[in-house]
Every structure is written in C-alpha cells, then in structure tokens.
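Biologist: I would like to go through the terms used for this model and see what each one rests on. Please set the values against the cut-offs.

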Amino acid sequence: MHVLTFGSTGLIGRYILVELLKHGYHVTVGCIRNRERLLSMLATHNYDHSLLSIVEGNVLDKEDVERSFASCSSFDAVISTIGEKPDCIGKVQSHGARLLFDAFKKFVKNVDCYFVLFAGSPILDVCEDANGLSKLFLHSKVLPDLWRPSGDEYLRVFDMVCSDYKEITWCLVCPPMVADKAADGVYEVARNVHPPSPG
Ligand SMILES: NC(=O)c1ccc[n+]([C@@H]2O[C@H](COP(=O)([O-])OP(=O)(O)OC[C@H]3O[C@@H](n4cnc5c(N)ncnc54)[C@H](OP(=O)(O)O)[C@@H]3O)[C@@H](O)[C@H]2O)c1
C-alpha cells in the first residue's frame, strides 16, 4: 500500500504519518515546506526509512502539488490534513483542496484510490430547524465565534467536492477539537451528524 499525504508536519498529520509508517505502509509526504522539521519530528520514532519519500513544496503551488502526485506511478490513498490556525484563516484549505483534487483527477489512475481530507465539526448537522430541515453546527449559536471562519472554509471545500469532483471517492473527516495528547476515553464516530451535545 502506498499513501500520499499532505500536512504531515501538523498536529493531526504527524500522528497519521507515524501510524502509517509503523504499520509498514509506503508513504510519500507531499508539499513539505520544512523538510528538517519533518525529519526531526520523526527522529524519535522507529520506522523503516526506506518506506518514506519526501517531496518538498507548497500546497498553494500547482506545480508542487502535481510533482507530489507524479512522484509515484500509483497511490492507494491520499490523505490531506492541510490547515491553518483558527485565528488566521485565509484560503489555504479551499484553494489547496482545489489544487489537490485537480491533481488527483489528472494523475490518479487507480480507481480504488480514496481521498481523505480533514475538515471540522462546524459542517456537521446538529439538529433540525422549525421546518424539519437539518441545521449545521456552523449555523447554530453554540459554535464559538473563533471557529466560524474555519467553518466557512470547510463548507467551501464541502460544496466544491460535492459539485466538481463527483468521480472521485472522497471522505471529509470532521473532528471536534483535537488535543495533543495520548488517546483516552471513549470516542464516538458518526456519519454526517455531530455527535450529541455539541460544544
Ligand atoms: N487540531 C484540531 O483541533 C482540529 C479540529 C478540527 C479540525 N481540524 C482540521 O484538521 C486539519 C489538520 O489540523 P491540524 O491541527 O493538524 O493543523 P496544523 O497543526 O495547523 O497543521 C497544518 C498542516 O498544514 C500544512 N500547511 C499549511 N499551509 C501549507 C502550505 N501552503 N503548503 C504546505 N503545507 C501547508 C502545515 O505545514 P507547516 O508545518 O509547513 O506549517 C501543517 O503540516 C485542518 O484542516 C484543521 O482545520 C483540526
């Protein structure tokens, strides 16, 4: 299995990368801005170094994205955890996702290849409004204001993939706040809806 990842120096991406390497997957890490940071992050982990390939670049640069996809003849999955901090949201997520999806369409010939992207809980349904229509967490009053710009970005990505990339098998993972600590407790996973008691 060969997986192409983006955003692997980030909080979530680095856990995914380490798990993939630990389980013996070949991983190409695409559009890395700081190679040294990635390598020092991995320095404390035991893994077969021959499993890892690095393509440097920026996810907002079409050529860099295409170089990442073209670096191997076939991938089995693509995982993107590209993102920005909630207090400085621009267009990295939606613009980056557009370039990633275009490159996926152009380069990925394996019809079973899956595209997994990280978004966030604001675009999950939390309840129904008075007309019985589903209401997004993004449009509810309980969502903290700090999360609204990221929520708008996630929604742009969701609308874009639904309308423009129907031929690609994709999944948007929408976690709530992710803490940088070892897993504990019980985790609830749901499809399309926010687990009970948001916020
Ligand atoms: N953490 C949470 O609590 C949480 C909750 C819900 C959803 N999410 C979503 O999950 C995703 C990952 O979150 P995270 O917390 O892991 O984010 P993060 O720690 O900020 O990591 C973001 C990653 O994206 C990369 N990146 C940003 N701009 C880039 C660019 N122009 N070119 C190449 N790489 C770029 C960063 O690379 P550099 O190292 O080079 O900066 C980093 O690897 C995001 O979409 C986020 O919105 C996170």
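Biologist: Where does asparagine 192 lie?

Modeller: Asparagine 192 lies in the segment after β8 (169-173). Helices (H or I, at least four residues) and strands (E, at least two) are DSSP runs, numbered from the N terminus. This is a predicted model, in which local features need pLDDT of at least 70 and side-chain atom pairs count only at pLDDT 80 or more, while totals for chains, interfaces and linings use all residues. Residue numbers start from 1 along each chain as its sequence is written.

Biologist: Why does asparagine 192 count as exposed?

Modeller: A residue is buried if 20 or more other C-beta atoms lie within 10 Å of its own, exposed if 12 or fewer, and partly exposed in between, with C-beta atoms placed from the backbone. Asparagine 192 has 10 C-beta neighbours inside 10 Å, so asparagine 192 counts as exposed.

Biologist: What is the phi of asparagine 192?

Modeller: Phi of asparagine 192 is near 70 degrees, a positive value in a residue other than glycine. Most residues other than glycine have a negative phi. Cysteine 31 also has a positive phi, of about 50 degrees, and is not a glycine.

Biologist: What makes cysteine 31 buried?

Modeller: Cysteine 31 has 26 other C-beta atoms within 10 Å, and is therefore buried. Cysteine 31 has its place in strand β2 (residues 26-32).

Biologist: Why is leucine 11 called exposed?

Modeller: Leucine 11 has 12 C-beta neighbours inside 10 Å, and the class takes 12 or fewer, so leucine 11 counts as exposed. Leucine 11 is in helix α1. Apart from neighbours within four places in sequence, leucine 11 is in contact with Val178 and Asp180, where contact means that the C-beta atoms of two residues, placed from the backbone, lie within 7 Å.

Biologist: Is histidine 45 buried or exposed?

Modeller: Histidine 45 counts as exposed, because 11 C-beta neighbours lie inside 10 Å. Histidine 45 is in the loop between α2 (35-42) and β3 (52-56).

Biologist: What makes glycine 10 partly exposed?

Modeller: Glycine 10 has 17 other C-beta atoms within 10 Å, so glycine 10 is partly exposed. The loop between β1 (2-6) and α1 holds glycine 10. Leaving aside neighbours within four places in sequence, glycine 10 is in contact with Thr81 and Gly83.

Biologist: Which residues come nearest to the ligand?

Modeller: Thr9, Gly10, Gly83, Phe118 and Gly120 come nearest, of the 24 residues around the ligand. A residue is near a molecule or strand if its C-beta atom, placed from the backbone, lies within 6 Å of it. The shell around the ligand divides into 11 nonpolar, 11 polar and 2 charged residues. Here Ala, Val, Leu, Ile, Met, Phe, Trp, Tyr, Cys and Pro count as nonpolar, Asp, Glu, Lys and Arg as charged, and the others, Gly among them, as polar.

Biologist: Which helices supply at least two residues of that shell each?

Modeller: α1 (11-22) and α4 (92-107) do, and α1 gives the most, with 3 residues.

Biologist: How do α4 and helix α5 cross, and why is α4 called roughly parallel to α5?

Modeller: The axes of α4 and helix α5 (residues 148-164) come within 8 Å and cross at roughly 25 degrees. That makes α4 roughly parallel to α5. Angles under 35 degrees count as roughly parallel, over 145 as roughly antiparallel, 65 to 115 as roughly perpendicular and the rest as oblique. The axes are lines fitted to C-alpha atoms, for helices over the stretch in contact, and angles run from 0 to 180 degrees between N-to-C directions. The contact is made by Gln93, Ser94, Ala97, Arg98 and Phe101 of α4 and Glu153, Arg156, Val157, Met160 and Val161 of α5. By class, 5 of these residues are nonpolar, 2 polar and 3 charged.

Biologist: What makes α3 and α4 oblique to each other?

Modeller: The axes of helix α3 (residues 62-70) and α4 come within 9 Å and cross at roughly 40 degrees. α3 and α4 are therefore oblique to each other. Lys62, Val65, Glu66, Phe69 and Ala70 in α3 meet Leu99, Leu100, Ala103, Phe104 and Phe107 in α4. This contact has 8 nonpolar, no polar and 2 charged residues.
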